Amino acid sequence: MTVNKHNSNDILIDKFNRVVDYVRISVTDRCDFRCVYCMDDEMQFVPRAQLLTLEEISKIARAFTELGVKKIRITGGEPLVRRNVIKLFEDIGQFSGLDELVLTTNGSQLSHMSQALKDAGVKRINISLDSLDAEKFKRITRVGDLEKVLASIDAALAAGFEKVKINAVILKNRNHDEVVDLVRYASDRGMDISFIEEMPLGIISDRDRAEAYYSSDEIKTDLEQVFELVPTTETTNGPSKYYKLTETGTRVGFISPHSHNFCDDCNRVRLTCEGRLLLCLGQEHSVDLRKVIRTHPEDIEILKQAIRDSMLIKPKGHEFDLSEKPVIFRHMNVTGG
Ligand code: SAM
Ligand code: SF4
């Protein structure tokens, strides 16, 4: 066993001088929903033997925190359908040096898991909610039950997280007419909301992605018919551009990979459920950390060096183009959105 030579001055910095202090970890590619922008009708999931174990994920998360990472987001697939996942939150919640342990979820399991997540140290939760109309919600998620998700949002609010935020992917002619209602729903409950432009990850048979494109600027124009939005310089260290509703102070974010490229400030990397460290959401540059951790299970220094070395191949940015066939064949559930 190697002695832990953790140096508190370690930081991750890529060749474009961007400091990487945020990791998004996908703990499963499985999900109890089948959102049309995220998955195809028929999906092949990663065989269980190829998944990182929860212990391996925890070790990789620790290596990252020892390399200066301040924020870890647990995501998926649907992270809360992974068996015993609360244990992982409890482990990571104890790491010194980590400022924020956060979660992205579809909300289906939060009614019974909110308190355990809060107790484990989760500070903020993003919940996906694309529609307030049960039929439309079902059409977008293919199987989701709106009532259950709304009850989950209430449970998360009652558990007292620092923030519960809504994420909505907006698609033309599917839910673009709901942006005002979604903002009102969030604002009435003291939640922030972010609107996300669809990204071309993986092939989907549902429709042509370009046809359903609805830009952040269009959403903002729709909102401005009803609300006064004031730009704010506040940031959550992410790609959202934020505005505030003067009425209530609710923050409305726009994640706009197409219309406003966010790569210059990129501070993040992603770990897939198979242990692939993805250096960019929209490129294939990656390092196989599962191989490293399974070859040297006792040596966190080797793992840390592999992570440091990965900074050399972090690309400058993504090249999404909705008019082309996707160049990225992995779906968002694999990528860890
Ligand atoms: N299952 C959880 C959920 O839905 O929140 C976590 C994983 S999901 C992949 C994370 C986020 O990615 C969700 O807000 C989802 O709406 C978003 N997402 C999925 N596919 C997307 C795509 N092709 N383009 C943009 N956002 C996408
Ligand atoms: Fe599941 Fe989230 Fe993908 Fe929807 S967006 S299918 S909830 S992983």
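**Entry 1: ligand 2.** I began with the shell around ligand 2, which by class has five nonpolar, two polar and one charged residues. In this scheme Ala, Val, Leu, Ile, Met, Phe, Trp, Tyr, Cys and Pro count as nonpolar, Asp, Glu, Lys and Arg as charged, and the others, Gly among them, as polar. The residues around ligand 2 are Cys31, Phe33, Arg34, Cys35, Cys38, Met39, Gly77 and Asn106; a residue is near a molecule if one of its heavy atoms lies within 4 Å of it.

**Entry 2: basis.** I note that this is a predicted model, in which local features need pLDDT of at least 70 and side-chain atom pairs count only at pLDDT 80 or more, while totals for chains, interfaces and linings use all residues. Residues are numbered from 1 along each chain as its sequence is written, chains are lettered from A and ligands numbered from 1 in the order in which they are written, and side-chain values use heavy atoms, with hydrogens and water left out.

**Entry 3: ligand 1.** I counted 19 residues around ligand 1, of which Tyr37, Gly77, Glu78, Ser128 and Met199 come nearest. The shell divides into six nonpolar, nine polar and four charged residues. I then looked up polar contacts (pairs of N or O atoms within 3.5 Å). An oxygen atom of ligand 1 is 2.6 Å from an N or O atom in the Ser128 side chain. A nitrogen atom of ligand 1 is 3.0 Å from a polar backbone atom of Gly77, and an oxygen atom of the ligand is 3.2 Å from a polar backbone atom of Thr105. Taken alone, ligand 1 exposes 540 Å², and the protein buries 96% of that (Shrake-Rupley method, 1.4 Å probe). Strand S5 (100-105) and strand S7 (163-169) are the elements giving two or more residues to this shell; strands are DSSP runs of E, at least two residues, and helices runs of H or I, at least four, numbered from the N terminus.

**Entry 4: the sheet.** I traced twelve strands in an open sheet of mixed pairing, in the order S9-S10-S11-S8-S7-S6-S5-S4-S3-S12-S13-S14; two strands pair if DSSP finds at least two bridges between them. Strands S9 (229-231) and S14 (286-288) stand at the edges with a single partner strand each, so one side of each has no neighbour in the sheet. Strand S13 (residues 276-278) pairs with S14 in the antiparallel sense over three bridges, and Leu278 stands opposite Ser286 in S14.

**Entry 5: two loop residues.** I found Asn84 in the loop between strand S4 (71-75) and helix H2 (85-93), with a positive phi of about 65° although it is not a glycine. Asn84 is exposed, at a relative accessible area of 56% (exposed means over 50%, buried under 20%, partly exposed in between).

Key
A polar contact is a pair of N or O atoms within 3.5 Å; within protein, one must be able to donate a hydrogen and the other to accept it, and residues adjacent in sequence count only if both atoms are side-chain atoms. Buried means under 20% relative accessible area, exposed over 50%, partly exposed in between (1.4 Å probe, protein chains only).
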